[in-house]
Amino acid sequence: NKSKSFPWFGMDIGGTLVKLVYFEPVDITAEEEQEEVENLKSIRRYLTSNVAYGKTGVRDVHLELRNLTMCGRTGNLHFIRFPTQAMPRFIQMGHDKNFSSLHTTLCATGGGAYKFENDFRTMADLELLKLDELDCLIRGLLYVDRVGFNGHPECYYFQNPSDTQSCVKKPCTLEDPFPMLLVNIGSGVSILAVYSENNYKRVTGTSLGGGTFLGLCCLLTGCETFEEALEMASKGDSTNVDKLVKDIYGGDYERFGLQGSAVASSFGHMMSKEKRDSISKEDLARATLVTITNNIGSIARMCAVNEKIERVVFVGNFLRINTVSTKLLAYAMDFWSKGQLRALFLEHEGYFGAVGALMELLKTTEDP
Amino acid sequence: FFFVGTFCISASIKTINRHTMDKSITLPPDEIFRNLENAKRFAIDIGGSLTKLAYYSTVQHKVAKVRSFDKATKEAASDKLYEISVQEEVTARLHFIKFENAYIETCLDFIKDHLVNTETKVIKATGGGAHKFKELIERKLGLKVDKEDEMTCLIKGCNFVLRNIPHEAFVYAKHADSEFRFQTTQPDIFPYLLVNIGSGVSIVKVESEDKFERIGGSSIGGGTFWGLGALLTKTKRFDELLQLASKGQHTSVDMLVKDIYGGSYGSLGLTGDLIASSFGKSATADKEFSKEDMAKSLLHMISNDIGQLACLYAKLHNLSRVYFGGFFIRGHPVTMHTITYSINFFTKGEVQALFLRHEGYLGAIGAFLKGAEEDNPNQYSWGENYAGSSGLMSVSPDMNPMQRARSGTFDMLEMDRLERQLVNLPLLQDPSSYIPDTMDLTEDALAREYWLYCFEEALDGVVKRAVASQPDMPEAAERAEKFRQKYRHKLQTLRHQPFAYGSLTVRSLLDTREHCLNEFNFPDPYSKIKQNENDIALKYYQKAVKSLEELSWEERQFALVRGVLAGNVFDWGAKAIWHLGLIYLFIFFSSERPWLVDSYDQWLERLRGPPHKCALFFVDNSGVDIILGVIPFVRELLSRGTEVVLASNSGPALNDVTNGELQILTERIAAMDPVIQAGLREDRLTLVQSGSSSPCLDLSRLDKVLAQVVRERQTDLVIIEGMGRAIHTNYYAMLSCESLKMAVIKNSWLADRLGGKLFSVVFKYEVPAGKPSQGSAAVTPS
């Protein structure tokens, strides 16, 4: 059994975040243990015994997939993320830990695989295996959905999305997943129509994504992190910032079937100086979040109708700890399609590209 | 009293000016709120910053009429051919005025003071600001405010301008020689998508006059740009935000594909400069961003987003015509450019973003039409009055200050109700691609320069002629001077903004001059000259016919063509014609073939075949041209067994023969010539009006009756004569039947352009592809 030598990594270097998955084998034989170089051991120990790395690296412990069998080996899959800005330090660490001495290929996807390829080569003597991010995304997503989330379904949806009181998260499986409209919300947004694991097309994309939410929040409120921005948003009221249909028409705009509570103009109240002076940072954060989310929902819905696909799967790190957006998307899909479309979400939101990259590593070992 | 009133308004506007320094009124004040004394049916559209007022008035102006003398008194009365009289005629006109909301009270006062004969009780109102000013309007004018749905008004207005104003829609191309590419009027304007970008975005599918549906929208619109922009840059005004944006660099704020990939994302065809994440670089606390850069990034974000949604809806509903409007667009080059860019990107060039010249007026026009339904305004055709309309103003920051000042104050649109409904010539090969004008002066800077110069040069002569045409009226000189100022101002405007009234063409320059002459009550400066010319030419008619009859068949055909060409050289309108000697020179030269464009041999060959069923002849000048050139030619056609429809102008233009004059002339000729007489009697020779009062010819706007006659008679030959109709316009017009275009190029610049010399002859006989060149098998579409 000539399985690929450890360590097993998959990496997705996005515009804002680097997502890293690490397979920690738990079935190491004594013989292996002895042969294992010190270097490799220290990497394993470092990654599995910490939940934070440096100032900005985080291991999402709650997402860990335990006792997973991959390529004939059993182990735990760890999910780690850090800002793309820290990439030079990460590469430096690869150099310091003499990563290049290990017999492994570093499989990387995302734009950073291309952008940092040369840095890896010159600074750490590492050769990247560059992979297409959409290929990896789909492969990783289908894989995680297949193996499940430690005995639970990976996928979920919201029941009664139109009613805030009775709206509840419900687990489900992606049985017979095709065709699906896959909406990946990272810094920007890509929308794919997926017909099978290897047959998909990028329908469109939008530059109004997670990066826009955070970027605008930073400018408007002075916050610094995604967590901070979301925290503020959760406390704010967007109707102080947005102009609603009823603000213009006094009620519903019946001629066009628009409810009074619908947003007519995002940030529309901010045209008035008086209103600008009276709103809170929390309101601004909330309005930014709602604006970006609704817009993505609207484009996704149009694509679903144009492509004649009823199942819309939302992934990407914008949705991390972001129930405001997931519920809003679920509501928007349901409401505007009159129940025709269903929004689905996945627990491992932003990590599928990295998982897909790891799978490519394992595939290359089996092939030659 | 009118001048006193206008003095008041300019005075009070100046008072306002003291408070708002950047506002100045540069339009001559006596031009605003014209014809108020006859006004009825008011409508008002009050937007966030601009008010648009619409009203309907009747305009009394002079028209020249001709009338045969009573036979009994003829001998005694005069030796003239017919009688010319100037009469008062009342026509309907629509007035639209746009001004800043700051002037609303002053304007209402002014209207109140001048509203004399009105029976109007209500004023139709639309727009977001309508409720805010309701009380003020009711109090000031004593009219009841009747609110109309905004979107319904918008669509109604849009349909109206698309149907009635040629060159209403345009494509915006920032980096092209001419920023504005005007679209030809489509025979069927439906279906289309209207994307209205106000504070939010509404996407409306319009399927017919009464059927439209809001199929979608977005909350990210002009209000988002303004509101978010104000928060980010502390800049309060929308225009200032746009100015900031036009100076900024979005790449410092946006995360581009190359910021993520280091280059392009090749496998998806995403270039490195593409925005991956709007504001993606601003998610940091340690960097300051300039106002300009943030405004630019915001502008891109919003424009791209709207463009994307518009494309998704256009695709879903399979629509290719997408018009953009709303305050976000309203003549702003910056936003027209970003929206155009976005549409190009998302549809890969399959859909073009279209904008409207009178976009700002749609709501007011629609509200007005709602109120005027009992007058059936949609039953008529309407025409933009170039004399009374301000034209499209660019508000681009790099335009010269004169125009910028104007764009902020008063802007006007006037539309005249035409006496007849105008339709396409049924014989156009492809009405949707027909462009009347041969040269687009908006795009051709050299040609533009030449023609603007040419018209300015000719202005003195036109003024003189106008004065001379009214010797009994002492104030004619004063009026003519006003005409001169008006037209010169138009020419100056067009020099800076050639796109002001759609594509600038020789035709539009000529039409503008006619509109200005009419405006100052010079309805027909050439009437006496035409009368005189006709009189002289008639005396030679019999002699001319006789000498033609003496020729052999083949000689005669050639002589007839030369006769038309030579007759056409007699043209007081053309600059190069000074004396009769030149005519003889021409007659000499024209015998030398080949001509510049010469398909005479094919024409002659065709004449050897069976006769045409019916020929439609668009005639040109009075006098020698019509009497000694055209009529003998027509006579020959009649003799061959071809029916002839003579189409002449409905109203006067230069020395062109009008339908009224032609009626008299043919009567007189019929009295001398049994062939013509028989033709008239047997209804084989018919006179129709073209519906036009222009020296040029737009085959897509012709009298409905003409179209009907053409169809009924199964017309299989169209003859177009003269420089205005066959060279400046229709030179490239493709017809579905045989056509003959005959003209002499009487302008050396133009001759040079076409590769010939002064007095070059164009004789263009064409048979549409796929039709037999021989035989009367050519049928017309019925």
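1. A residue is called buried under 20% relative accessible area, exposed over 50%, and partly exposed in between. B:Arg684 has a relative accessible area of 23%, so this residue is partly exposed. The structure is a predicted model, and the values below should be read with that in mind.

2. Confidence in chain A comes next. The mean pLDDT of chain A is 93, and 98% of its residues score at least 70. Helix α9 of chain A, residues 245–249, has the lowest confidence in that chain, with a mean of 85. The highest is in strand β11 of chain A, residues 180–185, at 98.

3. Salt bridges take up several of the points that follow. Side chains of opposite charge can pair when their charged atoms come close. Over all chains, a search of the whole structure finds 65 salt bridges.

4. One of the 65 salt bridges crosses between chains: B:Lys315 pairs with A:Glu307. The closest N and O atoms of B:Lys315 and A:Glu307 are 3.8 Å apart, which falls within the 4 Å cut-off for a salt bridge. B:Lys315 belongs to helix α9 of chain B (residues 291–316), while A:Glu307 belongs to helix α11 of chain A (residues 281–307). The two partners fall into separate accessibility classes. B:Lys315 counts as exposed, at 54% relative accessibility. A:Glu307 has a relative accessible area of 13%, so A:Glu307 is buried.

5. Two salt bridges within chain B can be set side by side. B:Lys546 pairs with B:Glu550, and their closest N and O atoms are 3.5 Å apart. Both ends of this pair are exposed: B:Lys546 has a relative accessible area of 53%, and B:Glu550 stands at 59%. B:Glu682 pairs with B:Arg684, with the closest N and O atoms 3.0 Å apart. Here B:Glu682 is partly exposed at 42% relative accessibility, and B:Arg684 is partly exposed at 23%.

6. Chain A also holds a salt-bridge network. Its linked residues are A:Glu117, A:Arg121, A:Glu127 and A:Lys130.

7. The remaining points concern the backbone. Most residues other than glycine have a negative phi, and most peptide bonds are trans. The cases below depart from that pattern, and a reader may wish to look at each in the structure.

8. Where in chain B does a cis peptide bond join a phenylalanine to a proline? The bond lies between B:Phe190 and B:Pro191, with omega about -10°. B:Pro191 sits in the loop that runs between β7 (180–182) and β8 (192–197) of chain B. Another cis peptide bond joins B:Arg593 and B:Pro594, with omega about 0°. B:Pro594 is placed in the loop between α18 (580–590) and β18 (597–598) of chain B.

9. A:Cys71 is not a glycine, yet its phi is positive, at about 55°. The residue lies in the loop between β5 (65–70) and β6 (73–83) of chain A. With 23% relative accessibility, A:Cys71 counts as partly exposed.

10. A:Ile321 likewise has a positive phi, about 40°, without being a glycine. This residue is in the loop between β16 (311–315) and α12 (323–336) of chain A. Is A:Ile321 buried or exposed? A:Ile321 is exposed, because its relative accessible area of 54% lies over the 50% limit.

Definitions and conventions. Residues numbered from 1 in each chain as written. Chains lettered and ligands numbered in written order. Predicted model: local features only at pLDDT ≥ 70, side-chain atom pairs only at ≥ 80, totals over all residues. Heavy atoms only, no water. pLDDT = per-residue confidence, 0-100. Helix = DSSP H or I, 4+ residues; strand = E, 2+ residues; numbered from the N terminus. Salt bridge = Lys/Arg side-chain N within 4 Å of Asp/Glu carboxyl O. Buried < 20%, exposed > 50% of the residue type's maximum accessible area, 1.4 Å probe, protein only.
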